[in-house]
Structure formats: structure tokens, C-alpha cells
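Here's a quick look around a protein model, going from single residues to the whole chain. Keep the viewer open and follow along.

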Amino acid sequence: MLRVGLSGGIGAGKSTVAARLVEHGAVHIDADVIAREVVEPGTEGLAKVVEAFGADVLAADGGLNRPALAAKAFADEDSRRRLNGILHPLIGARTAERMAAVPPDGIVLHDVPLLVEGGYAPNYHLVVIVDAPVETRVRRLVEQRGMPEEDARARIRAQAADEQRRAVADVWLDNSGPAGAVLPEVDRLWTERLVPFEENVRLRRPRPPRAPELVPYDRTWPAQAARALARLRLLTAGRALRVDHIGSTSVPGLPAKDVLDLQVTVSTLEQADEFADVLSEAGFLRAEGEWWDDPQGGGGPWPKRFHYGADPGRPVNVHVRSTGTPAWRLALLFAAWLRANPAERDAYAEVKAKLAQAHAQDGSVDGYAEEKQGWVNAAFTRAEEWAERTGWSA
């Protein structure tokens with residue numbers, strides 16, 4: 001299934017977005033609802049809470065007196081940890097049950113208010129953040145929920161800042177307009193991104209080839225890469241030696257194809273094969289066939305593994321290289337050298353522009369990449385000289 005994390009600040013209008021996606025067919029799993037379910041009367045969760053905090057956290061009807069519990073549980077850090085230690089495993093187990101019931105071709109919308117604060121973003125194929133300006137959110141909370149203004153502002157201040165949400169957002173939905181104004185954008189998200197993304201993962205459908213098309217450097221490329229890298233680090237934890245953003249999109253000021261190149265470095269390619277299916281399920285599909293890098297200084301080709309991103313809204317290439325060849329280091333060196341030498345960067349940009357134009361009608365990047373490799377191979381020599389001169393190391 002495709003796992004989509006949904007979050008946003010209080011009053012931003014997550015429920016509007018969630019409802020529309022459910023209309024389209026998404027399976028909605030609401031973390032807040034589950035958090036209430038696991039402490040309903042008669043549950044193991046409520047019994048443990050009473051055991052830990054006393055019977056006075058119960059209401060007259062036998063249910064949980066939430067204000068009374070909050071007064072005790074949030075009085076100090078130890079109490080908060082004790083409450084989380086009770087609730088989080090129960091919430092996690094209930095959530096896993098709900099997800100296990102979703103069909104293999106389902107799209108799960110996991111609605112998590114504290115997705116950012118909890119560091120959960122790398123667990124999803126895609127993270128959607130719903131946003132609205134603070135003043136709009138305050139007004140909604142006061143008018144629609146009857147919340148005192150001071151309380152509304154305090155709740156907003158206690159949550160993640162916009163910068164933190166933007167850092168994890170694959171999709172940023174501006175819901176500052178009148179009711180329903182965001183819905184056409186939600187419809188496009190479903191039709192143009194979520195549905196094909198799920199199909200690409202389930203069917204292991206490769207990204208269609210296309211001719212090389214260069215675009216100006218995008219200042220958001222590093223942040224976009226950071227989100228993909230966080231997912232890769234989680235997926236390869238304990239097996240990868242390092243995970244890096246490489247290639248032209250990692251070099252400020254360098255025009256490039258709008259495809260992020262990422263590198264996973266392992267000790268052996270057998271390790272890469274062990275987590276290949278894990279990467280594929282998470283949206284980084286293993287490419288069929290044999291893949292290799294051009295050997296420098298003669299000899300046979302340097303084997304590697306290659307994965308491509310299944311998200312139609314964010315093309316990604318994942319090069320999995322072992323320390324058994326120098327290719328992993330050269331990829332890091334080449335990008336570092338270009339970043340440190342603007343004249344070489346600009347010379348490379350000229351070569352790329354010329355070759356992209358020459359191969360614009362090819363229908364793939366193969367000819368462009370093959371012809372460009374000659375300049376890159378010569379550049380490796382200059383980069384090695386720079387590394388020795390400056391003391392650069394991977």
C-alpha cells in the first residue's frame with residue numbers, strides 16, 4: 001500500500017483535506033481517534049493509566065477525565081514519559097492493525113497531528129502538510145471551535161514551526177482561502193500523484209525514459225534531497241555506511257535535469273541486494289539488468305545497483321555503490337570539487353547545455369550521458385589533484 005502522512009497546525013484545515021481524499025478512496029487512519037479509543041472504558045489502556053496516575057483521573061461515568069489526567073501527566077517530564085510509555089505502544093499496535101487491514105492497492109492517509117514533532121516523516125512514502133497563516137488559524141479556532149483567543153495562540157505556539165513543517169513536506173497545501181478553495185489542488189494531488197505513485201510501487205513500473213532537459217538550479221533541491229535521504233537512512237539503517245546527495249543537483253548554481261541523484265554506500269553489493277526489496281516497497285524501485293560505472297584507469301566496469309523513485313512528482317535516482325570500487329568516493333569528490341571551483345562548474349554547465357541540445361530528440365538520456373562521460377573522466381584527474389592539494393577526504 002501507499003502510506004501518506006498528513007499533518008498541519010491546529011486550525012489549518014486538515015479535516016477538509018482528509019475528507020476529500022477519503023471521497024476519492026483513501027483509507028483514513030486518524031491518530032487522535034485511535035488515541036481516544038485505546039483509553040475507552042474497559043480497555044487495557046485505561047486500566048494502565050489509572051494504575052499509574054490514580055483513580056481520580058476517572059470521570060463519574062467511568063471514562064477518562066482528560067483535564068485531570070493532563071494536570072498530572074504533564075506536571076513534569078517523568079510523568080509525561082510514563083504516560084507516553086503506556087499509550088504509544090497501544091496506539092502503535094492499533095495503528096498497525098488498521099494498516100494491515102488495508103488492501104494491497106490501497107492508499108492510506110495517516111492523519112498525525114504530531115508527525116513533525118515526533119520525527120515520523122521518513123516512515124511514509126509521501127508527507128502532505130496543510131497550512132494556513134497564523135491569524136487565519138486563530139480566527140477559525142475562535143469562530144468555529146469557540147476557543148478563547150489566548151488559548152488558540154498558545155496551542156499554535158506549542159506546535160512545530162512552519163520551517164519545521166516545510167522541512168518534511170513533500171506536498172504543501174495552502175488552505176488559507178475560503179472553505180473549499182483548496183479542494184481542486186487536493187483533487188490534482190490524488191489523480192496526478194498519489195494514484196500513479198501507488199501503481200508504480202505495486203506494479204514496479206519504471207519511470208518512462210525522456211530526453212535530457214536542463215533547468216536552472218533550484219534552491220529547494222537540497223531540502224528535497226534531505227527528505228529522500230532521511231527515508232533511505234531509515235530503510236538501510238545498520239547496513240549502509242553512508243547516504244549522500246550527489247550529482248548536479250547538489251552543486252549550487254549548476255543547471256541540471258530535475259532528477260535528484262542520491263548515493264547509498266555499502267561494504268558489499270550483497271548487502272545492497274539484501275535491502276533491495278525494502279527500498280522497492282518504500283518507493284525506490286530496483287532497476288532490472290546490470291548496472292556499472294566507467295572504470296578509471298582501465299580494467300573492467302565497476303558494478304553497482306540502481307534504484308529509481310516511483311513518485312511521479314519527484315524523480316530520484318539512487319546509486320548503490322560498494323567500497324569495493326572507488327566509484328562511491330569519486331561521486332562525492334566530483335560534486336565537492338565542482339562546489340569549490342566555480343570556473344569548473346561553469347565549464348561543466350556549458351558542456352551539459354551543448355550535449356542536452358544535441359540529444360534533445362533522443363527520447364532518453366543514454367546518448368547524452370555517454371557523450372558527457374569523456375569530459376567527466378578528464379575532470380576526475382583535475383578533481384584528484386585538487387583533493388590532494390586541499391586535503392579533501394570523503
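Let's start at Lys-14, which sits in helix H1 (residues 14-24); helices here are DSSP runs of H or I with at least four residues, strands are E runs of at least two, and both are numbered from the N terminus. Before going on, note that this is a predicted model, where local features need pLDDT of at least 70 and side-chain atom pairs count only at pLDDT 80 or more, while totals for chains, interfaces and linings use all residues. Residues are numbered from 1 along each chain as its sequence is written, and side-chain values use heavy atoms, with hydrogens and water left out.

Is Lys-14 buried or exposed? Lys-14 counts as buried because its relative accessibility is 15%; buried means under 20% relative accessible area, exposed over 50%, and partly exposed in between, with a 1.4 Å probe and protein chains only. Its side chain makes a polar contact with the side chain of Asp-111 at 2.7 Å (a pair of N or O atoms within 3.5 Å; within protein, one must be able to donate a hydrogen and the other to accept it, and residues adjacent in sequence count only if both atoms are side-chain atoms).

Contact means heavy atoms within 4.5 Å.

Now for helix H3 (residues 44-53), whose buried residues are Gly-45, Leu-46, Val-49 and Phe-53. They are on the same side of H3 because they cover an arc of only 95° around the axis, taken from the directions from the helix axis to the C-beta atoms. The buried residues of H3 pack against helix H4 (66-73) and helix H5 (77-100). Just after H3, Gly-54 takes a positive phi of about 100°.

Zooming out, the protein has 15 helices and 13 strands. Its C-alpha atoms fill a box of roughly 80 × 45 × 45 Å, taken along the principal axes. Of its 394 residues, 46% count as buried. Among contacts with a separation of 6 or more, 70% come from residues 24 or more positions apart.
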